[in-house]
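Trainee: I would like to learn how to read the features of a structure. Could we go through some of them, one at a time?

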Amino acid sequence: MNNFYHVIIVGGGGAGLRTAIEVARDEKLKVAVVSKVYPTRSHTGAAQGGMNAALGHVAEEDSPEKHAFDTIKGSDFLADQDAVEFMCQNAPEIIYELDRWGVPFSRLPDGRIAQRPFGGASFPRTVFSADRTGHVLLHTLFEQALARENIDFYNEFFLLDLLHDGQRVYGVSLYDIRNGEVVNLWAQAVVLATGGFARVYWQRSTNAVGNTGDGVAVALRNGIPLKDMEFIQFHPTGLAKTGILLSEACRGEGGYLLNALGERFMQRYAPEKMELAPRDLVSRAIEMEIKEGRGVGEGTYAYVYLDLRHLGEEKIKQRLPQVRQLAIDFEGVDPVYDLVPIRPTAHYCMGGIHIENYMTSSTPMEGLYAVGECACVSVHGANRLGGNSLTELMVFGKYCGIAVREYAKYAPMPKVIPSEEKKGQAYVEELLKREGKAKLSEVRRKMGEIMWEKVGIFRDERSLKEAYEELSDLLEQWKSIPVVDKSKVFNTNLLEVMELRNMLELARVVAFCALHRRESRGGHSREDYPYRDDENFLKHTLVRFDGEKLELSYIPVRILKYQPAERKY
Ligand SMILES: Cc1cc2nc3c(=O)[nH]c(=O)nc-3n(C[C@H](O)[C@H](O)[C@H](O)COP(=O)(O)OP(=O)(O)OC[C@H]3O[C@@H](n4cnc5c(N)ncnc54)[C@H](O)[C@@H]3O)c2cc1C
């Protein structure tokens, strides 16, 4: 095994693979792609509804400018407008490229790529492949990456730490899940593409169980600032019992939301856009209906209904086959004939590793880059529009790849840093030796409960303070969770202990940043500060960990054409 690379990419999801393909265009560069799961099992494969690009195939009047405006308005004016314009301008070209690579997009009768309406968008702009868009995208990207001989895959290797000298990154320390060995890889540049962390809401999340924010937590522990961590997206239509996602495509294709009285209640909250208002607004509307007694049942298991019946069997089978199957398998109802019980569920992290330059996706640490859901560019601001994440992965993955390819031409060659060599090994040994009585499953369950109840859709000072204290306490308890399984082969017990630490550290950061943002904006809704406060809070939150405590600072939002205005839908 060669431990020296030009570029290491940690993450084999959409963002990591798109970046890898771009870097590997220079055949002289040796690229490593590291993934804790086999790449095609990354969460990108679970994306259902589609990706946004103003192709104008269904509505000729659409344009990248309109896409940018919708995105900025959807973000509650917290997105950086130059970055949003860059993404929207580049989106159409990215779609045609994927089309040429073989992504089987759904088509219009005349053969052009079809587009469907999505929340917060002024035109049908979302390109899709039935309701399995992420699946076909991920497989096509993997195929393209496999075709390049200068990419080595490290499948089922777990990122333990970054190797650096405080100024520049030199490599990564990995745990080989198959045999329990620790391996250090050294490189000129490292790209983190490790995805989101919405699993911090353990019991109610649409995310894969592996979405534990490992890369984001590793960045935090190594002094790299995170941005806008208080902004979590709750998706309106999670299955009531499990929180499993039913795509926004359900409403895009014409589905309704009904309360227990059979009313299309969105009329009260977004009379114009109705069910296709942005996610933050629809999620709050559902929770208000439940709070005011118009939901079905009470407490944790209350819900409202998604009604797809009027779409008819043929359309449901053709456009929403996976949604139908999920409803049958996990809720025991068939959307062709039945109402589907739904309730909001944690879905996406707008915040992440602070990106300084959106053109390159570079972080404040020399040689370190971040792309995809683990990064905060920021194009989603306080609320992401559905379909904009896949677009983000592809656009910024490509341009990060171009930047890293250039960087590798003049950056110093990789070398071993002796002082960093033992870091990963020491961490694993310490965990395996550890004794204590705390229980992994219990601490994890408590974390999920605290996040849902106190850092959920509605928040206030008291609950956030409590959450911060309780999560700090859980982090202490984590130190006495023993790794019971001492074996070297597929030690999932050890992995889960490491993942739980990452989640706890990030959960606490979310509560901390939410506590200090005393306003309501996008996905962050404070009952004690119900209005957006542009005078004091039109700014990005940066949070750093100095080894002992969390430190906050703020940076301005880059506003170009569009001045903040009240959001009406
Ligand atoms: C159910 C669902 C449906 C969605 N639908 C849509 C949609 O229709 N449209 C849209 O735009 N967005 C959608 N999203 C959001 C979008 O899919 C994600 O934001 C996006 O796919 C994230 O891609 P990524 O490449 O950043 O991360 P991921 O695809 O999550 O990949 C992360 C990678 O990092 C690796 N990794 C993580 N930790 C480690 C570690 N410690 N060591 C080694 N490797 C590690 C993983 O193995 C994986 O390969 C959806 C999300 C969900 C959950």
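**Reading the model**

Mentor: A polar side-chain atom of Asp214 lies 2.8 Å from a nitrogen atom of the ligand. That is a polar contact, meaning a pair of N or O atoms within 3.5 Å; within protein, one must be able to donate a hydrogen and the other to accept it, and residues adjacent in sequence count only if both atoms are side-chain atoms. This is a predicted model, in which local features need pLDDT of at least 70 and side-chain atom pairs count only at pLDDT 80 or more, while totals for chains, interfaces and linings use all residues. Residues are numbered from 1 along each chain as its sequence is written, and side-chain values use heavy atoms, with hydrogens and water left out.

Trainee: Which backbone atoms lie by a nitrogen atom of the ligand?

Mentor: A backbone N or O atom of Lys36 is 3.0 Å from a nitrogen atom of the ligand. For Gln48, a polar backbone atom lies 3.3 Å from a ligand nitrogen atom.

Trainee: How many residues are around the ligand, and which come nearest?

Mentor: A residue is near a molecule or strand if one of its heavy atoms lies within 4 Å of it. There are 38 residues around the ligand, and Ser35, Ser42, His43, Thr44 and Glu373 come nearest.

Trainee: How do I read a helix, and what does the span of α3 show?

Mentor: Helices (H or I, at least four residues) and strands (E, at least two) are DSSP runs, numbered from the N terminus. The expected span of a helix is 1.5 Å times one less than its number of residues. Helix α3 (residues 81-101) has 21 residues and should span 30 Å; its end C-alpha atoms are 30 Å apart, so the two values agree.

Trainee: Where does α3 bend?

Mentor: The bend at a residue is the angle between axes fitted to the seven residues ending there and the seven starting there. In α3 the bend is about 40 degrees at Ala91, and a proline, Pro92, follows within four residues. Just after α3, Gly102 has a positive phi of about 115 degrees.

Trainee: Is α3 mostly covered or mostly uncovered?

Mentor: Buried means under 20% relative accessible area, exposed over 50%, and partly exposed in between (1.4 Å probe, protein chains only). By that rule, 15 of the 21 residues of α3 are buried, and the helix is mostly covered.

Trainee: Is Glu65 buried, partly exposed or exposed?

Mentor: Glu65 is partly exposed, at a relative accessible area of 36%. This residue is found in helix α2 (residues 64-74). Leaving aside neighbours within four places in sequence, Glu65 is in contact with Gln89, Lys561 and Tyr562.

Trainee: What can be said of Leu506?

Mentor: Leu506 is buried, with a relative accessible area of 0%, and it belongs to helix α15 (residues 492-516). Beyond four places in sequence, its contacts include Phe197, Thr212 and Val216. Gly195 is 311 residues from Leu506 along the chain, yet their C-alpha atoms are separated by 13 Å.

Trainee: How do I read strand pairing, and what are the partners of β14?

Mentor: Two strands pair if DSSP finds at least two bridges between them. Strand β11 (residues 232-239) pairs with β14 in the antiparallel sense over six bridges, and Gly238 stands opposite Arg343 in β14. Strand β13 (residues 304-307) also pairs with β14 in the antiparallel sense, over three bridges; there, Leu306 has Val340 as its bridge partner.

Trainee: Why is β14 described as largely enclosed?

Mentor: Ten of the ten residues of β14 (residues 340-349) are buried, so the rest of the structure largely encloses this strand.

Trainee: How is a sheet with open edges described?

Mentor: Three strands form an open sheet in the order β3-β5-β4, with antiparallel pairing. At its edges stand β3 (51-52) and β4 (115-116), each with a single partner strand, so one side of each has no neighbour in the sheet. Another open sheet has five strands in the order β17-β15-β10-β18-β19, with mixed pairing. Its edge strands are β17 (375-376) and β19 (550-556), each pairing on one side only.

Note on methods
Contact means heavy atoms within 4.5 Å.
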